[in-house]
Amino acid sequence: MAEPKTAKRDALIDIEKKAQKLWEDAKAFEVDAPTIEEHADMKTIHQAHPKFLSTTAYPYLNGRLHLGHGFTVSKIEFATGYQRLQGKRALFPLGWHCTGMPIRACADKLAREMEMFGKNYEVPEETETPQIEKLNLQEAERVDPTKIVAKKGKVVAKSTGLKYQFQIMEQIGVPREDIHKFADPQQWLTYFPPFATSDTKKIGYKIDFRRSFITTDANPFYDAFIRWQFNKLRALNKVKYGLRYTIYSPKDGQPCMDHDRSSGEGVGPQDYTCIKLKVIEFSPETQAALAGNKDIEGKTIFMVAATLRPETMYGQTNCFVGVDLKYGIFKTHKSDELFLMTERAARNMAFQNLSPSNGEVSKVADLVGRQLIGTQVKAPLSTYPSVYVLPMDGVLATKGTGVVTSVPSDSPDDYATVMDLKKKPDYYKVQPEWIVPFEPVAIINTPTYGNLAAPTICAQMKIASQKDKTQLALAKDAVYKDGFYNGVMVIGEYAGKPVQEAKPEIRKQLIEAGEAVPYNEPENLVMSRSGEECIVALMDQWYLDYGESEWRAQAEECLKNMNVYTEETRNAFEKNLAWLNQWACARSYGLGTRLPWDHNFLVESLSDSTIYMAYYTIASLLQGGSIDGSIPGPLGIRAEQMTDQAFEYIFAEGPFPTDSDIPHASLEKLRREFEYFYPLDVRTTGKELISNHLTFTIYNHVALFPKKYWPVSFRANGHLLLNGDKMAKSTGNFLGLAEAVEKYGADATRLALADAGDSGEDANFEDVTANACILKLHTLMEWIQETLAAKDTFRKTGREAYNFYDRVFESHMNKLINQAEADYEATFYREAVKSAFYELMTARDFYREACALMEIPMNHDLIMRYMEVQVLLISPIVSHWSEHIWGNVLGKEGLVVNARWPKSGPVDEAVLQEIEYLRRQLTNVRATETQALKKKKKGKTDVFDPFKPKKITILIAAKFPEWQEASIAVLQGAYQPENKDKLFDDEKVKKELAAKGLMKDKKVMPFLHDLKKKAAEQGPSVFSRTLSFDETEVLEAHSEYLRRILGYETLTLVKSDEVASIPEGAEDDYVRAAEQSVPGQPTFVVKNI
């Protein structure tokens, strides 16, 4: 019967299941601190019992884990396996995050859909499409989001689009009859964690599951831990209360933080100064449109323009609108004032104390931009008594207010537009008197562009029109930076002051004078998980005072001493610390821990996940293996006994608690676990969390823990692509973690994850790689089994009797042990796969093939050592396979996950250079044979045929040609390694080559060109051309090996200066080959016999 196509995979999966049972039975990954009996002195405990604590961002459990989760977790998993081999107590815990809006929002959707379709979610074949009634933006009068109104339309039950939450639940594997249970948020907390645990066990992650937990108040122990954190932060004055701008969802009625968003993570409020341009006289079209409007009678109307540069308002010459944009006139917080702007801006202002009441958007008139052209307004601070409203291309309704102040002296966009209008007033339908008299006003002087920066740079860059978008963007960036950092005011009461000093003062002056208002909006589009575009609200709220100078200095000190693995990551952290400030830490909707002092609010999801790494160290003693703490732990402690004083004693060297009856011995046990495993050795997560979670983690650690417990290292990785494309369920390019294990097996999945990539760039998991891994692992396993069966036929000689191939194999093996160790230490797992797996197998292949070719039995001790080394080096990544080979095939005692890293022996670099030299010759000959075959296929009959009997003559040079030696000396003299942009002084090279008469030799420049490239890659070593071995001796010693492996009848060695002594020496190809031969690069002539 034919073997099934999946037989090799199935065999590996069977091995994996057995290995997992071995680990489970042995409790292999349950790691504890040494007991007092093992080592009493905490000061020396880490010298006697080294440890390694690694964590990753705990997954959010609103569904099953996918391969992207597996990729990030694998970075810690591989590190844990490697550190165990180094003899450390390597602890890898993993909890499950449930805090925040997503679970609650999904549960509420299911509840609404259950009202619509019943408990079994039976959607009629045709029905009226349910729509949530448009929400009133006024917070106090928000419509109940469960209220449904009907709108005619069709919903086809068999539609492939996932319109409803219950369809999503069904897609992720929840049976239809159970979906109604998920309308209760607590169901999510009990349903998905067991799947996550099972999925991570199936792939063989070395997790101590005794320490797993869920967040929120569903776990009273974790709830108490977060209360301690926030009570202490508040006592330290790190948590404050007050008015601040925040991204806000009117529909949800609360701030919308990063984890509450479906898009726009990392986006914050953008602070503008909104200039009030008083309408003196509307254009005739606008007057006609507003005729009879009672709501505007007796009111002062302002066109409001959002600007980031209030200091430039002295230079206003006009105001711009988009001709096709829709505008409105809106009521404001002042009964006698109305604002003219876009509705989007009005929606933001409604939550910033700028509307009649909070959340109220009250529009009294609709207008279109073209109607406003020619309106006369008074512009605050402008040197002109009044200016006009003019048209501009590219005014956006999604940025600012839709009204743009024009300062052509300092804005290249404004200047280019003004010049267009002046050139073609009829085309743009403007009157000359609206534009011609208004010249740019000098307001800021800069060293680069003078006091009319925009006209100057537009002339320099030859910008002719407002349509030159690319050039204008570059010009804007250059002018704005030069103006802010180097500019000096030349007008107004702040003349002579640097722009950086004047800017805030002018803003303050405008606001106090009632000529401007502060205004904020999201920097970019933010969508909440409830499907609404967010705004910015000014509201009283609890916030963490990130960015406060003393706290920030501590965070920067911590970062300075941390290993973050790449400069790119360090730069991202430094940039983030430079701008991050106050962060809203509480909300009223979702799941989580209640603020200890204000139970109306919950701690938001990015704020209750900053120090939980410390909680891992004691979780197993508190929770008894239950993720919600429902089962008493081994110390028998109740959650209510874990007071703030108790946590302070455990985590921060606080005094013995007086408000808890936990026995002294139990507290000491908890404290010992923490003090042994902390600080955190490495934390890994996606690079997108640098801007929030990882930076918050630094801030909270430096505030809450003694310095010796500050984190040691953070590692940030990119996202995981699947077969080169972004993973997405909507496109079908998606793979769950459990699905991957089922498809490829655990070890092939792990190996392909390691091979996917390590940098901050996106990695790529490839189906072809995973499938190839199955074959490679199975083939290697079969080879080991077959080799062991034949081990009695191997050569049993000691190291002193090693031949050349033995010494090569031993040195290769020792060098790769060292290289793999360096790769694992650097967390370069793709490189570790290369050195510990592929290159080690390549070294073995060379050895066995060379021995077979030379008819020499392989060395018994070397082959046995290779098998052991191969298993150990790859075991952190390919753990199940390694466990099987270690115990069941090699017969080793104990588990491979408890074994030790192999010791490296001496590396004979000379013998490795010799074998590398021989390999280069093989490559060169084979390349020549390939070229001959290509010529033969083209119909040439007089060419060498590699498949017929053949002979080879190798011509060896004793010295380099004089022209090469002279050329190298010239190039070396012009080498300037300190100049990274220009390694060589080319003018000097040309001058000296000419002086030596070498410029006439056509071979010189191509030769030096190649040498330059090598110098850029390899450094100054390319100038040294001394071989570490005698080339003739090496070729003579291994001529028979070369002859056999290449398949030649005869192989002749000839010194290039003695070519005339052989019978064919006078032939052109021999003479030409002899001329081209140089030391280290012999040439050859191949002939058919």
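A residue is termed buried when its relative accessible area is under 20%, exposed when over 50% and partly exposed in between (1.4 Å probe, protein chains only). The structure is a predicted model, in which local features need pLDDT of at least 70 and side-chain atom pairs count only at pLDDT 80 or more, while totals for chains, interfaces and linings use all residues. Residues are numbered from 1 along each chain as its sequence is written, and side-chain values use heavy atoms, with hydrogens and water left out.

Helices (H or I, at least four residues) and strands (E, at least two) are DSSP runs numbered from the N terminus. In helix H29 (residues 879-889), nine of the 11 residues are buried, so the helix is largely enclosed by the rest of the structure. These buried positions are Ser879, His880, Trp881, Ser882, Glu883, His884, Ile885, Trp886 and Val889. With contact defined as heavy atoms within 4.5 Å, the buried residues of H29 pack against helices H1 (7-26), H3 (67-85), H24 (746-754), H25 (767-789) and H28 (860-874). Just after H29, Gly891 adopts a positive phi of about 70 degrees.

A nonpolar core is taken as a set of buried Ala, Val, Leu, Ile, Met, Phe, Trp, Tyr and Cys residues joined through side-chain atoms within 4.5 Å. The largest such core comprises 219 residues, of which Leu67, Trp188, Phe651, Ile784 and Trp881 touch the most other members. Helix H27 (residues 829-853) gives the most to this core, contributing 12 residues. Apart from it lies another core of 53 residues, which includes Leu277, Tyr384, Val418 and Ile491. When residues up to four places away in sequence are not counted, the contacts of Trp188 include Leu61, Ile103, Leu110, Met169 and Phe182, as well as Asn62 and Gln165.

Rings of Phe, Tyr and Trp (its six-membered ring) are paired if their centres lie within 6.5 Å, and planes under 30 degrees apart count as stacked, over 60 as edge-to-face and the rest as tilted. By this rule the count comes to 71 aromatic pairs. Tyr678 and Tyr709 form a tilted pair, at 6.5 Å centre to centre and with 55 degrees between the planes. Tyr678 lies in the loop between helix H21 (664-677) and strand E26 (682-686), and Tyr709 in the loop between helix H22 (690-704) and strand E27 (714-717), so the pair ties together parts that are 31 residues apart in sequence. Tyr678 is buried at 1% relative accessibility, and Tyr709 is buried at 4%. Tyr824 and Tyr829 form another tilted pair, with centres 6.2 Å apart and planes at 55 degrees; Tyr824 is buried at 2% relative accessibility, and Tyr829 has a relative accessible area of 0%.

Two strands are considered paired if DSSP finds at least two bridges between them. Strand E11 (residues 326-331) runs antiparallel to strand E13 (residues 363-368), to which five bridges join it, with Lys326 standing opposite Val368 in E13. E11 also pairs with strand E12 (residues 337-341) in the antiparallel sense over four bridges, Lys331 standing opposite Leu338 in E12. E11 and E12 form a hairpin with five residues between them.

Ser530 is located in the loop between strands E20 (527-528) and E21 (535-544), and counts as buried at 16% relative accessibility. Leaving aside neighbours within four places in sequence, Ser530 is in contact with Ser249, Lys251 and Asp252.
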